[in-house]
Amino acid sequence: MSDEREFGFSTRTVHAGCRPEPTTGARALPIFQTTSYVFENCESAAAYFNLQEYGNTYSRIMNPTVAAFEERIASLDGGAGAVAFASGLAAQAAALFTLLRPGDHVVASRALYGGTVTQLKHVLGKLNVALDFVDPDDMDAWRAAMRDTTKVLFAETIGNPGGNILDIEAVAEIAHAHQCPLMIDNTFATPYLCRPLEWGADIVVYSATKFLGGHGTSLGGVVVESGKFDWSNGRFPVIADPSPAYHGLAFHETFGVYGYLMKLRAETLRDLGAAISPFNAFLLAQGVETLPLRMRQHVANAQAVAEFLAADKRVAAVSYPGLAGSKYSSLARKYLPGGCGAVFCFDLPGGREHGMRFIEALSLFSHLANVGDAKSLVIHPASTTHRQLNDEELAGAGIRPGTVRLSIGIEDADDLIWDLEQGLAALGD
Ligand SMILES: *Cc1c(COP(=O)(O)O)cnc(C)c1O
C-alpha cells in the first residue's frame, strides 16, 4: 500500500495486510501452515525472545497468515493493531484477562450474546472479579455502577434480542471520566457499518465466525485496540508495572501505543494458548474481501424482511432498529447510517407452540444456532438455546415464548419473504 494515499474501506478489505509474496510471487494470501520458524542466528533468536525484535518464533504467538488477517481488521477498524484468537469468546476472554486482576470490577450491558453472559458470570467469578449488569440504554445506570475498582465497561454495538443500539460516545465518556477503557463487541455491526474506536471506544472485539468470515465455515475472534488509552494512569499496574511473566518488562512504557496489544499477544495468547489456525485465518481474511458487498445486501434484505413482518397482523412485534418508529432511530442514524445489521427478533403471539410450528414450515431458512452466514438462519430461543428457562426467566433475558430470531442472508429478499410467509401461513387463523 502507498504511503501517500489513504485508501478507502473497500480497497483495504482486499489489500490491507496482504502484499504479493516476495519469494514465489503468489498474489493470494499464502497459508503458512507451520508451527515454527528457523532463526537466522543465535543472536536474532535471543532478540525475538526478549521482544527486542519483532519476529516469528512459534505459531501460538504469531504466524504470517494470521498476521495478514490481523493487519486487515486493524486497518478497517482504525486501530493501532489487532490480535486474532481461536474464537470470539477466546478473544473476549483474553482481552479482559489482559487488563484485570483479582479484586477488580467490570460493568457490562445486560443485553449481550448468551455465551458472553455465561463467560462473564462464571469466568470472572472464578478470577474473583466482581460484575454488574446494567440496562445499556440507561446512562444513569452505567454511572451508578462505577466503583473505585471498576476496570472496564463492556457492551455490544447492536444488542439482542431487543435490538438495543449503544450510545457509544456517551458510555465512552462515562468510562473515561473514571479512567477506564470501553470495550465493545462489534460482531453484529462489523467495521463496515460502525467503527466504535471513532466514537471513543478503546478496545473492539469480534467473533469473526460471523459476518467477518461470512460463510459459516470457520471459528475465529479478534481484538483491536486504539493505542490511545493511557494504561499508565495509575489504575492498570497489571499493564504498566514490570511483568514477572516477562522478566520485568514494563509493557506500556516499552511499547507505547502497542503496550496493551503486546501484552495481549506475548503474555495472554502465549500463556493461555487460544491461537487461531493459519487455515482459519486464511478463510476469514478471504471472507473480509467481500465484507462491504455482503453487508450491503445483508442490511437491504434485513430492512425489507423487517418491514414485511412489521406490516403483518399475524406478527406481534419486530425489534429491528431500522424500522420507522423504533426507539433507537436517532442512535441508528448516528452510529449505523449504512444499516442496522441483519440479526433481529420478532414475536409471534401464540407462544412456544407457534414458534415451533413457524420454524417447521420454513424451507429456505436454516434452523440452527449461528448468525452472520451468507445463508439466512432462524432459531426459536424458547425451544432451543433457552429451553431450560421458564417463562419468567425468559422474560428476564428479554425473550418471550413466541420470540423468533432471524439472521438475514444475502439471498433474494423476495425468496426470504416467500419463505416467512409459509411459516406464518402454518400458524392458521
Ligand atoms: C458468536 C458471538 C460471540 C462468540 O463468538 P464465537 O466465535 O462463537 O466464540 C460473541 N459475541 C457475539 C455478538 C456473537 O454473535
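In this predicted model, the cavity count comes to 2 when a volume of 30 Å³ or more is required. The largest cavity has a volume of about 60 Å³, and the second largest cavity has one of about 30 Å³.

The lining of the largest cavity includes the run Ser59, Arg60, Ile61, Met62 and Asn63, together with Val66, Glu70 and Ala84. Arg265, Leu269, Ala275 and Ile276 also belong to the lining of the largest cavity. Helix 3 and helix 11 are the elements that give two or more residues to this lining. By class, the residues lining the largest cavity are 7 nonpolar, 2 polar and 3 charged.

The second largest cavity is lined by Ser109, Ala111, Pro136, Glu156, Gly159, Asn164 and Leu166. Its lining holds 3 nonpolar, 3 polar and 1 charged residues.

**The second largest pocket**

Three elements, helix 3 (64–77), strand 1 (81–85) and helix 11 (259–272), each supply at least two residues of the pocket lining. Helix 3 gives the most to the lining of this pocket, with 6 residues. Helix 3 and helix 11 were likewise named for the lining of the largest cavity.

**The ligand and its surroundings**

The shell around the ligand consists of 15 residues, and those that come nearest are Gly88, Asp185, Ser207, Thr209 and Lys210. Helix 4 (residues 88–99) gives the most to this shell, with 3 residues. By class, the shell has 4 nonpolar, 8 polar and 3 charged residues.

| Residue | Protein atom | Ligand atom | Distance |
|---|---|---|---|
| Ser87 | side-chain N or O atom | oxygen | 3.4 Å |
| Leu89 | polar backbone atom | oxygen | 2.9 Å |
| Thr209 | side-chain N or O atom | oxygen | 2.6 Å |

**Aromatic pairs**

The structure holds 13 aromatic pairs. One of them joins Trp199 and Tyr335. The two rings are edge-to-face, with a distance of 4.9 Å centre to centre and an angle of 70° between the planes. Trp199 lies in the loop between helix 8 (190–193) and strand 6 (203–207), whereas Tyr335 belongs to helix 14 (residues 329–335), so the pair ties together parts that are 136 residues apart in sequence.

**Backbone features in two loops**

A cis peptide bond joins Asn160 and Pro161, with omega of about 0°. Pro161 lies in the loop between strand 4 (150–156) and helix 7 (168–177).

Gln179 has a positive phi, near 55°, although this residue is not a glycine. Gln179 is found in the loop between helix 7 and strand 5 (182–185).

Conventions. Residues are numbered from 1 along each chain as its sequence is written. This is a predicted model: local features need pLDDT of at least 70, side-chain atom pairs count only at pLDDT 80 or more; totals for chains, interfaces and linings use all residues. Side-chain values use heavy atoms; hydrogens and water are left out. A residue is near a molecule or strand if one of its heavy atoms lies within 4 Å of it. A polar contact is a pair of N or O atoms within 3.5 Å; within protein, one must be able to donate a hydrogen and the other to accept it, and residues adjacent in sequence count only if both atoms are side-chain atoms. Helices (H or I, at least four residues) and strands (E, at least two) are DSSP runs, numbered from the N terminus. Ala, Val, Leu, Ile, Met, Phe, Trp, Tyr, Cys and Pro count as nonpolar, Asp, Glu, Lys and Arg as charged, and the others, Gly among them, as polar. Rings of Phe, Tyr and Trp (its six-membered ring) pair if their centres lie within 6.5 Å; planes under 30 degrees apart count as stacked, over 60 as edge-to-face and the rest as tilted. On a 1 Å grid over the protein atoms alone, a cavity is a set of points where a 1.4 Å probe fits but cannot get out, and a pocket is an open set with protein on both sides within 12 Å along at least five of seven lines; lining residues have an atom within 4 Å of a point. Grid points are joined across faces, edges and corners, and a volume is the space filled by probe spheres set on the points.
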